[in-house]
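Please have a look at the model first, and then read on.

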Amino acid sequence: MKKIEAIIKPFKLDEVREALSEVGVTGLTVTEVKGFGRQKGHTELYRGAEYVVDFLPKIKLEIVVADETVEPAIEAIIKAARTGKIGDGKIFVSSVEQVVRIRTGEANEAAI
């Protein structure tokens, strides 16, 4: 099993969710986060005063999938989240040792 964490632009969330659903991903966790990479933030004007916005709003998706679903899920995220501009995001994949569904006690593949 693998955990896929994806940082994407907020307005791409619905497209990514639909794309993941099409490849068989049944659940995901969404968190509103702030951060920056090469995009570095930007300056804004508020009531005549200019200020720097260092941390930009992003969405973090967390998905745990079976090994055979990893590549289709990554491809779906890339296809749906890509705008071609800086700040599109990143995808991180890591191994998951164990999963337990609290309600039923099911473990590992049965729990995802």
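## Starting from isoleucine 59

Apart from neighbours within four places in sequence, isoleucine 59 is in contact (heavy atoms within 4.5 Å) with Ala6, Ile7, Ile8, Pro10, Leu13, Val30, Thr31, Glu32 and Val33. Isoleucine 59 belongs to strand β5. With a relative accessibility of 6%, isoleucine 59 counts as buried; here buried means under 20% relative accessible area, exposed over 50%, and partly exposed in between, with a 1.4 Å probe and protein chains only. Isoleucine 59 and glycine 89 are separated by 30 residues in sequence, with their C-alpha atoms 9.2 Å apart in space.

A word on the basis of these values: this is a predicted model, in which local features need pLDDT of at least 70 and side-chain atom pairs count only at pLDDT 80 or more, while totals for chains, interfaces and linings use all residues. Residues are numbered from 1 along each chain as its sequence is written, and side-chain values use heavy atoms, with hydrogens and water left out.

## The chain as a whole

The chain contains 2 helices and 6 strands, where helices (H or I, at least four residues) and strands (E, at least two) are DSSP runs numbered from the N terminus. Read from the N terminus, the order of elements is β-α-β-β-β-β-α-β. The radius of gyration is 17 Å, well over the 13 Å that the globule rule gives for 112 residues, so the chain is more spread out than a compact globule. That radius is taken over C-alpha atoms, and the rule is 2.2 Å times the number of residues to the power 0.38. Along the principal axes, the C-alpha trace spans about 60 × 30 × 20 Å.

Of the 112 residues, 30% count as buried. Among contacts between residues at least 6 apart in sequence, 72% join residues at least 24 apart.

## The nonpolar core

Which residues touch the most other members of the largest nonpolar core? In this core of 18 residues, they are Ile4, Ile8, Val16, Leu20, Ile63 and Ile77. Such a core is a set of buried Ala, Val, Leu, Ile, Met, Phe, Trp, Tyr and Cys residues joined through side-chain atoms within 4.5 Å. At least two residues of this core come from each of β1 (2-8), α1 (13-22), β5 (56-65) and α2 (70-81). Helix α2 gives the largest share, 7 residues. In soluble globular proteins, nonpolar side chains tend to be buried together.

Not counting residues up to four places away in sequence, valine 16 touches Ile8, Leu61, Ile77, Ala80 and Ala81.

## Three further residues

| Residue | Relative accessibility | Class |
|---|---|---|
| Lysine 12 | 9% | buried |
| Serine 21 | 49% | partly exposed |
| Asparagine 108 | 31% | partly exposed |

Lysine 12 sits in the loop between β1 and α1. Beyond its neighbours within four places in sequence, lysine 12 is in contact with Ala80, Ala81, Arg82 and Thr83. Serine 21 is part of helix α1; serine 21 and alanine 76 are 55 residues apart in sequence and 9.2 Å apart in space, C-alpha to C-alpha.

Asparagine 108 is located in the segment after β6 (89-95). The phi of asparagine 108 is near 55 degrees, a positive value in a residue other than glycine. Most residues other than glycine have a negative phi.
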